[in-house]
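Please look over the briefing below, which goes with the sequence and structure shown here.

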Amino acid sequence: MRILAALTPEVDWDSITPDQVIEIREAQDRTRRSVLGGLITGRPDRGARIATYALDLPGRRLNVRVYRPERGGSALPLIVAFHGGGFITGVPDQDDWLLSHLAANCPAVVASVDYRLAPEHPVPAPVEDAYDAVPRLAEQAAEWGADATRIALLGASAGASLAALTAIRAARLGLPVHTQVLINPQLDWTDRTFRYPSFTENADSPTASPANCRAVQRIALPESFDARAISPLQSENIAGLAPTLIQAAGLDPLEDQAPAYADRLRQAGVEVTLTRYPEATHAFLSMPGLVPAARPARAEILAHLRSHLLKRSGASAR
């Protein structure tokens with residue numbers, strides 16, 4: 001991880017200010033667009049077309065990064081994705097390597113939502129964006145050749161919170177969600193986050209230190225906000241959710257949240273696949289050039305999505 005350390009700005013997360021968070025975003029953006037950054041984040045799949053569109057929602061306009069198979073097709077499944085970054089950093093294109101591959105090989109239309117971030121837009125803004133964006137994307141799915149009756153939700157880290165919360169609310173939103181994929185997920189935003197054993201055991205993680213996790217809570221959540229409202233692990237009604245794939249990273253301070261949520265889902269009668277990648281760090285699927293586990297994890301996600309999105313249309317896996 002020496003290369004990663006060299007590319008990451010020196011940050012004192014314990015004292016970081018909101019203005020410094022914005023500066024870090026800009027530095028991360030420059031890194032991603034550098035030659036070395038591209039080696040870390042991986043190349044997009046040539047079998048996918050990528051374009052950015054405006055998504056009009058009540059009172060605001062967001063961008064959505066859409067991935068479609070080059071060979072075209074119609075009535076493809078719709079995968080709605082949410083990037084990681086603790087609700088304070090991150091952009092959809094950090095997941096190009098993963099999402100373009102899913103679009104080309106599922107095949108599917110993948111739409112990654114560029115939701116609002118703190119400090120400019122603290123929680124619950126990202127959650128509101130997810131709740132409003134997914135039904136809107138379903139409404140216009142046909143414009144991209146997607147079938148709005150076959151939806152999957154996918155998210156990494158904080159984005160997994162958005163995917164999980166939207167899955168819980170799917171019935172109320174009228175969404176035909178067939179599956180959800182949660183990658184190194186953050187599923188508990190309460191102070192309990194800091195008491196899971198993995199938070200201490202993986203304190204030396206190069207991509208999500210305890211100080212970083214504490215800063216995320218401080219900056220993304222207003223002091224008066226009840227964190228249970230955005231914590232899937234604290235949700236009471238999780239029965240009836242779609243089959244779920246959860247991927248845990250063995251070197252992640254947040255690792256213990258994955259099996260904890262898997263246990264809760266199973267107790268509620270939900271079909272769950274939990275896979276642990278022992279040598280993976282937090283955000284490993286955004287760093288395939290550094291973390292070998294990214295490739296088998298991507299293959300598992302693709303197989304899972306094909307199993308749950310194509311079988312209803314009569315398609316067979318290749």
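Tyrosine 261 touches Ala164, Ile168, Leu182, Leu187, Pro232, Leu233, Ile238, Leu241 and Ile246, leaving aside residues up to four places away in sequence; contact means heavy atoms within 4.5 Å. This is a predicted model, in which local features need pLDDT of at least 70 and side-chain atom pairs count only at pLDDT 80 or more, while totals for chains, interfaces and linings use all residues. Residues are numbered from 1 along each chain as its sequence is written, and side-chain values use heavy atoms, with hydrogens and water left out.

**Nonpolar cores**
- Tyr261, Phe82 and Phe87 touch the most other members of the largest nonpolar core, which has 69 residues.
- A second, separate core has 34 residues, including Trp97, Ala103, Leu245 and Val291.
- A nonpolar core is a set of buried Ala, Val, Leu, Ile, Met, Phe, Trp, Tyr and Cys residues joined through side-chain atoms within 4.5 Å; buried means under 20% relative accessible area, exposed over 50%, and partly exposed in between (1.4 Å probe, protein chains only).

**Backbone geometry**
- Most residues other than glycine have a negative phi, and most peptide bonds are trans.
- Phenylalanine 87 has a positive phi, near 65 degrees, and is buried, at a relative accessible area of 0%.
- Phenylalanine 87 sits in the loop between β3 (76–82) and α4; helices (H or I, at least four residues) and strands (E, at least two) are DSSP runs, numbered from the N terminus.
- Asparagine 184, in the loop between β6 (177–183) and α8, also has a positive phi, near 30 degrees, and is buried at 2%.
- The peptide bond joining valine 123 and proline 124 is cis, with omega about 20 degrees; proline 124 is in the loop between β4 and α5 (125–139).
- Cysteine 106 and proline 107 are joined by a cis peptide bond with omega about -15 degrees, and proline 107 is in the loop between α4 (96–105) and β4 (109–114).

**Cysteines**
- The structure holds zero disulfides, a disulfide being a pair of cysteine sulfur atoms within 2.5 Å.
- Cysteine 106 is buried, with a relative accessible area of 0%, and cysteine 213 is buried at 9%.

**Helix α8**
- Glutamate 201 lies in helix α8 (residues 197–201) and is exposed, with a relative accessible area of 62%.
- From glutamate 201 to alanine 220 the separation is 19 residues in sequence and 24 Å in space, C-alpha to C-alpha.
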